[in-house]
Amino acid sequence: MPSLFLFGTLMTRISSFSLAAVTLSCAALFASSAMALTSEQTRALTFGETDARITALQQALASPDEKTAAFMQAMADDAVKVSGTHVLIVRDGKASDPVTGDAQALPEGAEDVINNNRMRGEIDAALAALQLLSPDAALRMAATKAMLKEPDPTKLAMLEKALAVEQNSGVKTHMLLARAAVMLNSTDAQARLAAAKALADSQTPDTQLLLNQRLSEEQDKQVRSQLEASLSTIQAALNLGEKLGALFTGISLGSILLLVALGLAITYGLMGVINMAHGELMMIGAYATYVVQGLFRQYLPGMFDAYLLVAVPASFLAAALVGAVLERLVLRHLYGRPLETLLATWGISLGLMQGVRSLFGAQNVGVENPSWMSGGVQLLANLSLPYNRLVIIGFALFVLVGMTLLISKTRLGLFVRGVTQNRPMASALGVNTARIDTYAFSLGCGIAGLAGCALSQIGNVGPDLGQNYIVDAFMVVVLGGVGQLAGTVYAAMGLGLMNKLLEGVAGAVLAKIAVLIFIIVFIQKRPQGLFAMKGRSAEA
Amino acid sequence: MMNRRGNLKALAAAAALSVGSFVIAPQALAADTIKVGVLHSLSGTMAISETVLKDTVLMAIDEINAKGGVLGKKLEPVVVDPASNWPLFAEKTKQLLTQDKVSVIFGCWTSVSRKSVLPVAEELNGLLFYPVQYEGEELSKNVFYTGAAPNQQAIPAVDYLMSKDGGAAKRWVLLGTDYVYPRTTNKILRAYLKSKGVKDSDIDEKYTPFGHSDYQTIVADIKKFSAGGKTAVVSTINGDSNVPFYKELGNAGLKAKDVPVVAFSVGEEELRGVDTKPLVGHLAAWNYFMSIKNPTNDEFIKKWSAYAKAHNIAGHKDKPLTNDPMEATYIGVNMWKQAVEKAKSTDVDKVIAAMAGQTFKAPSGITSKMDEKNHHLHKSVFIGEIKADGQFNVVWKTPGPVKAKPWSPFIEGNDKKPDEPVKK
């Protein structure tokens, strides 16, 4: 099964040039059949009960011409409307008659033709059947795979015909499998046996489904045992995908935890500020993304897909700015007094939430993924990695590397390290420690903003977004060891994987509880976390 | 520096654009008003669904006041925010009943909030109108249930999925948020499915915490489960978790043709923030859809659009949407008004007596009737498929209104329970 994203682009390609392809194939094969699409047929296809419409579809498919193909494509694209008993294809606001192809005025009150899931499946299968003879091997392959997924005995003849002329070995193999899938429900036990055996080579969850469905009805003992044998072959092949899938979800959750915790690793880890408003700074980053999205939609709708590129620096700056203001106005008076810092930042977090609530409303706001982040890449038959998760993993790495370089290689990083390790000495050497504090704190806040920007792509953006992540963030930093960047990375990945692997076994609710218990026990045994390092918090 | 300033300007501009009407309706100064409590979460995980119900109550009240009020008095709304915090629902109810002395409360979405309000309402003899579909198993003298009982939503939806047009599902994933409504609904559904010959091994029940946002594992599990036979998912996920769930469904390429998901808590409003193109064909079961065509509904939508524009309701002023709980809320407020007029009093006991058998022309296209005995509305059931524009195509409906069975026959011992509130 192609991933949604690929499928989407494929579909637009199909709609643009498949007509030509189908026309060619129809001309090649059905030139002799004089019957063409009639307006009675279009009515039978669009009105009435699903059963009757499917019968009409099969009849139309028996003698297809290019008009039939075009009409079915329009049905699949939800581009067919009816007005009274008149059936029209409407594309880009222009109506045309499906039989004559003449342009027509779109009547007032024309209604969409409603296709339910069953009808839509049948239409897609019919389109696939029409493409079995397309000159483009990729289209033939897609069509064959669709037929393999949903075998239909009424299309066996078309499949046989296509099989007879197929030259491409890859497509041919799949056509044989598709034929086997149809034969799986044959009345002849021998044919079923052969089909069950052949299908062991099609190692996809869809084939698994077909075999399982057959198994639940099969009476013949021999066929049953062959079905079971084929199923276990397929299961063995799919195991790898399942394991990798679980691993990937763990890494994906880990990357989110890492993003969420990185900022805190600076403000809490290095500077020792127990920043309860960390979550709200993420929330500000997410809202900055929302605002940038809104501006793009308003002023640059053509470049909407690029809004994230602007949103990333915007969310960083917005959160860093708020952070700088906080540090200047409140926190610098409270250094070395962790309890008061905790209370003050908690109060600030409430204030920020309420502020956003009165500015943007209490409800969640919708942040749309750019289209290049929807869908995923299909790696194995049962393993597809969603683009948005991949992008976030990459983004987390990017932030991590950027931050590491900043702290270890730049002059600012040197000052930050110097000030946090030995403030009087750094000051004696001429470092403006107060300014460095502000920079370091806004950097941590800016990174929280980046995390918010990433979170907006996978979850909800609302005033209490931060509340859902603040506990996780502290968990990661404390578990990793306060003041240690490497520890944060290990802790985030470890917690992500542990959470997801447990969830696979015990369910989401229990997994969450188990992880919390694990952390409590771990901190009891090892209060300094995975890695320990002396920072300012240790002095205080 | 330009960059930062530009950014600030952008923030301010957008902020100015999206300032929601978060203002509580002006309190009428005249002492001679009837106070009406509005108890919906305006923040927290349920705000996505509940905020608009508050506005619906206010719209209905405005409309009634414009026609002269009730018994010659104007209605005065008292809006409180229980913030998706269940114990706070009880506190706010107490405040509404004892301090504000409201005559009636319109409120709650989740069953856990209703269960939290219930003992307070019963003790202080208050009156609650509850506008959302729920799991049944409850019948209080002090509550009128204008949403669906399980036999008015869940069971017809499962029937549809078992039918040929619905995909003839053989295996079932019952997926929900972890609290009383999904748990009870799934208990009923499990018993119902078993009565239809579905084996326990073909039912997979799963729960996630409130506000859960990472549905990767769950979607992967559904994919795996669906290889064992034609599968349908019944989702009782509530609140804003639906957004990440549907996003994940779309990204994982799980299509409605292969594994249809029918949701009981997802309507037009919940789909607002979601890219619906990958979701086309997934289903929802409700007693009202915005896409239903009839003159009453046209008028209802028109009224709501005008109200949303006039009151600058975030989101709705640009793209007004109506949904089932809004319709149920609207029916509730109007029926209460009719009952007060019939009883010629706002006294709770008199109004309860007058509610029996009240009728109201509902936007769903039927004349909705409050059952004479069991405090539930008679409702038509619709199954809708999600369209690319976030609206629903009605693909199936009951021939006429269905009477609610709050005590589901699929839970043991319910056959002996009376179909009316028991006097205590």
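The buried residues of helix α4 of chain A are A:Glu66, A:Lys67, A:Thr68, A:Ala69, A:Ala70, A:Phe71, A:Met72, A:Gln73, A:Ala74 and A:Met75, where a buried residue has 20 or more other C-beta atoms, placed from the backbone, within 10 Å of its own. This helix (residues 66-76) is thus mostly covered, with 10 of its 11 residues buried. Helices (H or I, at least four residues) and strands (E, at least two) are DSSP runs numbered from the N terminus. After α4(A) comes A:Asp78, which has a positive phi near 55°. The model is predicted: local features need pLDDT of at least 70, side-chain atom pairs count only at pLDDT 80 or more, and totals for chains, interfaces and linings use all residues. Residues are numbered from 1 along each chain as its sequence is written, and chains are lettered from A and ligands numbered from 1 in the order in which they are written.

Also in chain A, α7 (residues 156-165) and α8 (residues 169-183) pack at an angle of about 155°, with their axes 10 Å apart; axes are lines fitted to C-alpha atoms, for helices over the stretch in contact, and angles run from 0 to 180 degrees between N-to-C directions. α7(A) and α8(A) are therefore roughly antiparallel, a label for angles over 145 degrees. In this pair, A:Leu156, A:Leu159, A:Ala162 and A:Leu163 of α7(A) meet A:Met175, A:Ala178, A:Arg179 and A:Val182 of α8(A); contact requires C-beta atoms, placed from the backbone, within 7 Å.

The largest nonpolar core has 90 residues, of which A:Leu259, A:Ala261, A:Met282, A:Tyr287 and A:Val476 touch the most other members. Such a core is a set of buried Ala, Val, Leu, Ile, Met, Phe, Trp, Tyr and Cys residues joined through C-beta atoms within 7 Å. A second, separate core of 68 residues includes B:Leu53, B:Phe129, B:Tyr134 and B:Val340.

In chain B, helix α6 (residues 180-195) has 16 residues and reaches 23 Å from its first C-alpha to its last, close to the expected 22 Å, which is 1.5 Å times one less than its number of residues. Buried positions in α6(B) include B:Tyr181, B:Ile188 and B:Leu193. The buried residues of this helix pack against α4 (111-123), α5 (154-162), β6 (171-177), β7 (203-208) and β8 (231-236) of chain B. B:Gly197, which follows α6(B), has a positive phi near 90°.

Between the chains, 58 residues of chain B are in contact with 61 residues of chain A. On the side of chain B that touches chain A, α1(B) gives the most, with six residues.

Definitions and conventions: Buried ≥ 20, exposed ≤ 12 C-beta atoms within 10 Å, placed from the backbone. Contact = placed C-beta atoms within 7 Å. Parallel < 35°, antiparallel > 145°, perpendicular 65-115°, else oblique.
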